[in-house]
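Have the viewer open and follow along.

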Amino acid sequence: LELAAAHALVRLALEQMTGAPASAWKVRRDSMGRPLVEGPVEHMNVSITHTPGLVACLVAARRVVGADAEQVSPRVPYMRIAEQVFSPGELAHLKGLDEKARIDRFFLLWSVKEAFAKARGEGLAAPLDKIEVELAPDGVVQMLMPPEITGGGDAWHVRWSRPSAEHVMATCVHSPDGRR
């Protein structure tokens, strides 16, 4: 149900952005599972995310994008996941927080890393433990990465948000020319 809602949301967003009717767009998946859109306007890129209680998409023209939303839940084995995909600095920071703050911080960091991995098309194969994420209170994200990940200076514009009391979300837009 959430996937069908996400595909409908993508078509509506494409209609709003391009003026082409929602019915003119088709959403399919590539071999890596990423959404691809086919329609009357070329070079449109999308990212879809869904989690219990939330569906979202990110649409851009001529920009690679990634979006991830997570339902914040203590039932997830978050520290086991963090030990595999977080940098040493992120892990040290997590371990210094009380449990409620630790769970919240885990999901914020995870959503940022997942949005970046989705934008790059790497999914869980991305070297997420080599990326140090810094979260500013205003939603701005700073990602410190070695050159072999960035490609030597690519610009990634990343933001985090709280679309509801129980959800976190991150968006990532590739901008090789540096424009936002």
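## A word on handedness

A crossing is called left-handed if the near helix is turned anticlockwise from the far one by less than a right angle, and right-handed if clockwise. With that in hand, the crossing of helix 2 and helix 3 is left-handed. Please keep in mind that this is a predicted model.

## The two sides of helix 2

Helix 2 spans residues 78-85, and its buried residues are Y78, M79, A82 and V85. These residues cover an arc of only 140° around the axis, which puts them on the same side of helix 2. An α-helix has 3.6 residues a turn, so residues three or four places apart point the same way.

Turn to the face away from the buried side and you will find the exposed residues R80 and Q84. The cover over the buried residues includes helix 3 (88-95) and helix 4 (99-120).

## Packing against helix 3

The axes of helix 2 and helix 3 come within 8 Å and cross at roughly 155°. Angles over 145 degrees count as roughly antiparallel, and the two helices are therefore roughly antiparallel to each other.

On the helix 2 side, M79, A82 and E83 meet L91, L94 and K95 of helix 3. Sorted by class, this contact has 4 nonpolar, no polar and 2 charged residues.

## Packing against helix 4

Here the axes lie 11 Å apart, and helix 2 packs on helix 4 at an angle of about 45°. That makes helix 2 oblique to helix 4. The crossing of this pair is left-handed.

Helix 2 contributes Y78, M79, I81, A82 and V85 to the contact, while helix 4 brings E99, R102, I103, F106, W110 and K113. The residues of this contact divide into 8 nonpolar, no polar and 3 charged.

Technical notes. Residues numbered from 1 in each chain as written. Predicted model: local features only at pLDDT ≥ 70, side-chain atom pairs only at ≥ 80, totals over all residues. Heavy atoms only, no water. Buried < 20%, exposed > 50% of the residue type's maximum accessible area, 1.4 Å probe, protein only. Helix = DSSP H or I, 4+ residues; strand = E, 2+ residues; numbered from the N terminus. Arc of directions from axis to C-beta. Contact = heavy atoms within 4.5 Å. Axes fitted to C-alpha atoms, helices over the stretch in contact; angles between N-to-C directions. Parallel < 35°, antiparallel > 145°, perpendicular 65-115°, else oblique. Nonpolar A, V, L, I, M, F, W, Y, C, P; charged D, E, K, R; others polar.
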